[in-house]
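This briefing goes through a predicted model, topic by topic. Please keep the sequence and the structure at hand while reading.

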Amino acid sequence: MGALDYISNFCTVSRRRTKRKPMQTVEIKVKMDCDGCERRVKNAVTNMKGVKSVEVNRKQSRVTVTGNVEPNRVLKRVKSTGKRAEFWPYIPQHVVYYPYASGAYDKKAPAGFVRNVVQAYPGSSSNAPEENFVSFFSDDNVHACSIM
């Protein structure tokens, strides 16, 4: 009977398992003017399946949703309230090397935040002349004096 049970495990159809969405945090920028707007957005997102917690910060115009959810569905649900919404485009200012690079600095950004753009990181642009000249005048370069 041991061999028969072993073979029958391959032939039986088990229940179909659905993949659970991974636990993640979704941050959305939503302009909210009053308590009614804040309550409407919070109620719309709280009723979604898989949501564990919802934090609304009206001062920063930020909604943070944590749970087993898809980011696009959360954004779509927030937009269904009639508010203009987008994914949170800002990152903390201390993470970026050049916070005042073109496109990174945004007057509408909350205090301590800048836009997440490629120009704010060193080496991201192909025209970085200062890195090309560093090797000319290093102590490791034996022929550094011949350039002069």
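Lys83 touches Val30, Lys31, Cys37, Arg40, Val41 and Val78, leaving out residues up to four places away in sequence. Lys83 sits in the loop between α3 and β4, and at 17% relative accessibility this lysine counts as buried. The model is a predicted one.

**Lys83 and Phe87**

- Lys83 and Met32 are 51 residues apart in sequence, yet their C-alpha atoms are 8.0 Å apart in space.
- Phe87 belongs to strand β4 and counts as partly exposed, at 32% relative accessibility.
- Beyond its neighbours within four places in sequence, Phe87 is in contact with Val26, Glu27, Ile28, Lys29, Pro71, Asn72 and Leu75.

**Chain overview**

- The protein chain has 5 helices and 6 strands, and their sequence from the N terminus is α-β-α-β-β-α-β-β-β-α-α.
- The protein chain has 148 residues, of which 30% count as buried.
- Of the contacts in the protein chain between residues at least 6 apart in sequence, 55% join residues at least 24 apart.

**The four-stranded sheet**

- An open sheet of 4 strands is built in the order β2-β3-β1-β4, and the pairing is antiparallel.
- β2 and β4 (85-87) are the edge strands; each has a single partner strand, so one side of each has no neighbour in the sheet.
- From one strand to the next, the twist averages 25°.
- Strands of a sheet pair through backbone hydrogen bonds, in either a parallel or an antiparallel sense.
- The antiparallel pair β2 and β3 is joined over 6 bridges.
- Two positions illustrate this pairing: Val54 has Val65 of β3 as its bridge partner, and Val56 stands opposite Val63 in β3.
- β2 and β3 form a hairpin with 4 residues between them, and in the turn Ser61 has a positive phi of about 60°.
- α2 lies across β1, β2 and β3, and runs at about 165° to β2.

**Nonpolar core**

- The largest nonpolar core has 18 residues; Ile28, Val30, Met32, Val63, Val65, Val74 and Val78 are those with the most contacts inside it.
- Two or more residues of this core come from each of β1 (24-30), α2 (35-46), β2 (51-57), β3 (62-67) and α3 (71-79).
- In soluble globular proteins, nonpolar side chains tend to be buried together.
- Val63, one of the residues with the most contacts in the core, is in contact with Val26, Glu27, Ile28, Val30, Met32, Val41, Val54, Glu55 and Val56, leaving aside its neighbours within four places in sequence.

- Val74, Leu75 and Val78 are the buried residues of α3.
- These three cover an arc of only 100° around the axis, so they are on the same side of α3.
- An α-helix has 3.6 residues a turn, so residues three or four places apart point the same way.
- Asn72, Arg73 and Lys76 are exposed on the other side of α3.
- The cover over the buried residues of α3 includes β1, α2, β3 and β4.

**Cysteines**

- How many disulfides does the structure hold? The structure holds 0 disulfides.
- The cysteine sulfur closest to that of Cys34 is in Cys37, 3.5 Å away, which is too far for a bond, because a disulfide requires the two sulfur atoms to be within 2.5 Å.
- Cys37, likewise, is in no disulfide.
- Is Cys37 buried or exposed? Cys37 counts as buried, at 7% relative accessibility, whereas Cys34 is partly exposed, with a relative accessible area of 35%.
- Cys37 is also among the residues touched by Lys83.

How values were computed. Residues numbered from 1 in each chain as written. Predicted model: local features only at pLDDT ≥ 70, side-chain atom pairs only at ≥ 80, totals over all residues. Heavy atoms only, no water. Buried < 20%, exposed > 50% of the residue type's maximum accessible area, 1.4 Å probe, protein only. Core = buried A, V, L, I, M, F, W, Y, C linked by side-chain atoms within 4.5 Å. Contact = heavy atoms within 4.5 Å. Pairing = 2+ DSSP bridges. Axes fitted to C-alpha atoms, helices over the stretch in contact; angles between N-to-C directions. Arc of directions from axis to C-beta.
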